[in-house]
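Please examine the sequence and the model shown here.

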Amino acid sequence: ALYVAKANKAERSHFWASFQGEEVFSGESNLPYLTLLQQDEGLIAYYQPILHLATGRIIGIEALARLRQGTEIILPDTFIPHLDSRAAQMLTSRILRIATRTAQQLHIAGFPLEVAVNIPPDALFADNFLPELQAVLADCTLAPEQLTLEILENGDFLSLQLAQEKIATIRSLGVRVALDDVGSAYASLLRLKEIAVDEVKLDQCLVRGIPEQPGDLIFVGSVAALALSMGSRYVVEGAETPETLDALAVLGVDCVQGYAIARPMPEESLLPWLQAWTPEPQNNQPKTLLGA
Ligand code: C2E
Ligand code: MG
Ligand code: MG
Ligand code: MG
């Protein structure tokens, strides 16, 4: 195993895990997560389909990390906040490998989908990130444009020159970059406009009120205008009902991800699900959503 977590008997309140020969400090509560993370079967990816509204086709999947402990599946919001920087980097590398392998298998099975992977700032800023990304691309048959890296919209780190340089370098390789959870932080939409990305992904908290809440409709529509002016694809996540899907189609949204289409599913369910999917363009005739 790459990663060995071991209890430090001298100091019971902490333990050190060694990762590729280096010592990593972590709090005690991390131990179960780190132990699972190092196991081949402990870290897995679930996948959620991404629907292109105009055609009704599934154009991509997002890889979502899960830890598996026996029959229990642990969600990322439970374990990701406990990971230190190095563990977050390891998670990212492994999910990148797992997700590109899955996408490659789907291509072979006749579904040439894009695959999206979440990249935390710790991994993005790591020195070995770009060489590793190039190695991942070299080791798989995916075209770079079939890989999307989702970077959290967090005004603080995105404003760094270094973040913008990393994003530009990733894009120069042909890999797509998405800003994830747009609207969840306090970053100004105008500042987002300065950052060149391929995709803007609206946070799900802004979709809850669609189609009932006029304020949410206006916000979703405003970000559509922003994405259009940036030349970026506009993806909305968290659509839970068919009514929401219809409303989003009218608001200028390109793609949607949400329980209304499918919940995240384990790899083995993906191919049967895709085979059963019948593309049907979503209703995109203008309606009187804004009370006109
Ligand atoms: P995210 O990247 O914004 O991913 C979307 C989350 O929204 C997923 O939660 C997904 O299951 C959930 N979701 C999608 N559609 C709906 C819906 O219609 N209703 C509701 N209520 N939820 C929906 P998940 O898988 O629990 O992941 C949560 C967050 O954890 C992700 O948010 C992402 O920020 C992070 N995460 C997941 N996998 C990874 C990973 O491999 N690496 C890193 N660094 N972070 C990850
Ligand atoms: Mg994401
Ligand atoms: Mg998101
Ligand atoms: Mg999120």
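**The ligand site and its strands**

The shell around ligand 1 is made up of ten nonpolar, five polar and nine charged residues, where Ala, Val, Leu, Ile, Met, Phe, Trp, Tyr, Cys and Pro count as nonpolar, Asp, Glu, Lys and Arg as charged, and the others, Gly among them, as polar. The model is predicted, so that local features need pLDDT of at least 70 and side-chain atom pairs count only at pLDDT 80 or more, while totals for chains, interfaces and linings use all residues; side-chain values use heavy atoms, with hydrogens and water left out. Residues are numbered from 1 along each chain as its sequence is written, and chains are lettered from A and ligands numbered from 1 in the order in which they are written.

Of the 24 residues around ligand 1, those that come nearest are Arg66, Gln204, Glu237, Glu240 and Tyr259; a residue is near a molecule if one of its heavy atoms lies within 4 Å of it. Polar contacts (here pairs of N or O atoms within 3.5 Å) can be followed individually. An oxygen atom of ligand 1 lies 2.9 Å from a polar side-chain atom of Asp180. The side chain of Arg208 places an N or O atom 3.4 Å from a nitrogen atom of ligand 1. A polar backbone atom of Ala239 is 3.5 Å from an oxygen atom of the ligand. The protein buries 87% of the 800 Å² that ligand 1 exposes when taken alone, with accessible areas from the Shrake-Rupley method and a 1.4 Å probe.

Which elements each supply at least two residues of this shell? They are β5 (57-69), α2 (76-79), α3 (85-108) and β9 (176-182); helices (H or I, at least four residues) and strands (E, at least two) are DSSP runs numbered from the N terminus. β5 gives the most, with four residues.

Strand β5 also pairs with other strands, a pairing being counted if DSSP finds at least two bridges between two strands. With β4 (residues 43-52), β5 pairs in the antiparallel sense over ten bridges, and His52 stands opposite Arg57. Four residues lie between the strands of this hairpin, where Gly56 takes a positive phi near 75°. β5 pairs with β6 (residues 72-74) in the antiparallel sense over three bridges, with Leu67 opposite Ile74. The hairpin of β5 and β6 has two residues between the strands, and Gly70 in the turn has a positive phi of about 60°. By contrast, β5 and β7 (residues 114-119) run parallel and are joined by three bridges; Val115 in β7 is the bridge partner of Ile61.

Two features of the backbone remain. Most residues other than glycine have a negative phi, and most peptide bonds are trans. Asp181, which is not a glycine, has a positive phi of about 60° and is found in strand β9. The peptide bond from Ile210 to Pro211 is cis, with omega near 5°, and Pro211 lies in the loop between β10 (199-202) and α9 (214-230).

Technical notes. Polar contact = N/O pair within 3.5 Å; in protein donor to acceptor, adjacent residues only side chain to side chain.
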